[in-house]
Every structure is written in structure tokens, then in C-alpha cells.
Amino acid sequence: MNDRPPPFPIGHTTITAAAAKRLNATDVFSALQWHARTDWGDCTPSEYAGYNRALLPGCRLLSLFQDRTGTRYWIMSEPDLSITTVFL
């Protein structure tokens with residue numbers, strides 16, 4: 001994770017029931033910080049470039065992470081940045 005300030009606010013944060021039950025909370029908290037700093041997580045270079053293009057106004061921001069047990073999960077911020085959701 002880098003130390004620059006977040007380039008966007010993540011708004012109200014929600015997590016689906018399945019994700020809350022299955023994921024490590026510390027890992028999710030860290031991933032939310034990375035997401036807010038435009039670190040899109042465990043994606044390919046072409047996906048990473050696409051996620052960076054989503055920084056344009058009106059686009060959803062998506063990132064992909066794994067917690068310490070290897071469970072993959074996504075973080076998505078809505079286009080208006082009012083809500084960010086963690087889901088499996």
C-alpha cells in the first residue's frame with residue numbers, strides 16, 4: 001500500500017452478509033484502504049488498466065482481493081462514490 005492520500009472517498013461502506021460471515025475483517029479493512037488509493041488488488045495488468053479507466057466520472061470502481069484464507073472478494077464503489085460494497 002502506498003502512503004499518498006486517497007484520490008477518492010469511498011462513501012458509506014457496506015458488506016454483504018455472506019462476505020461478512022466468511023472474510024477476515026482485518027483483511028477487508030486493509031483492502032478498503034488500498035481500493036480508495038486506486039490499488040485494484042489481484043488483477044491482471046490489462047484489468048488494472050481497465051480499472052484505472054473507470055476513474056472517469058460516472059463509472060463504477062471495482063477491485064479484487066483475497067483474504068488470508070484465499071477467499072476471493074470484490075470491492076465496488078458506485079459511480080457517485082456514495083456507497084462502496086464488499087461482496088463475494
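Reader: Which residue in β4 is the bridge partner of Trp74?

Author: In this predicted model, strand β3 covers residues 72–77, and Trp74 is paired across to β4. The two strands run in the antiparallel sense and share 4 bridges. The partner of Trp74 in β4 is Phe87.

Reader: Which residue takes a positive phi in the hairpin of β3 and β4?

Author: The hairpin of β3 and β4 has 5 residues between the strands. A positive phi near 60° occurs in this hairpin, and the residue that takes it is Leu81.

Reader: In what sense do β1 and β4 pair, parallel or antiparallel?

Author: Strand β1 spans residues 12–15 and β4 spans residues 83–87. They pair over 4 bridges, and His12 has Ile83 as its bridge partner in β4. The sense of the β1 and β4 pairing is parallel.

Reader: How many disulfides does the structure hold?

Author: A disulfide requires two cysteine sulfur atoms within 2.5 Å. For Cys43, the nearest cysteine sulfur belongs to Cys59 and is 16 Å away. Cys59 is likewise in no disulfide, its nearest cysteine sulfur being that of Cys43. The number of disulfides is 0.

Reader: Is Cys43 buried or exposed?

Author: The relative accessibility of Cys43 is 18%. The cut-off for burial is under 20% relative accessible area, so at 18% Cys43 counts as buried.

Reader: What is the relative accessible area of Cys59?

Author: Residues count as buried under 20% and as exposed over 50%, with partly exposed in between. Cys59 falls in the partly exposed class because its relative accessible area is 29%.

Technical notes:
Residues numbered from 1 in each chain as written. Predicted model: local features only at pLDDT ≥ 70, side-chain atom pairs only at ≥ 80, totals over all residues. Heavy atoms only, no water. Buried < 20%, exposed > 50% of the residue type's maximum accessible area, 1.4 Å probe, protein only. Pairing = 2+ DSSP bridges.
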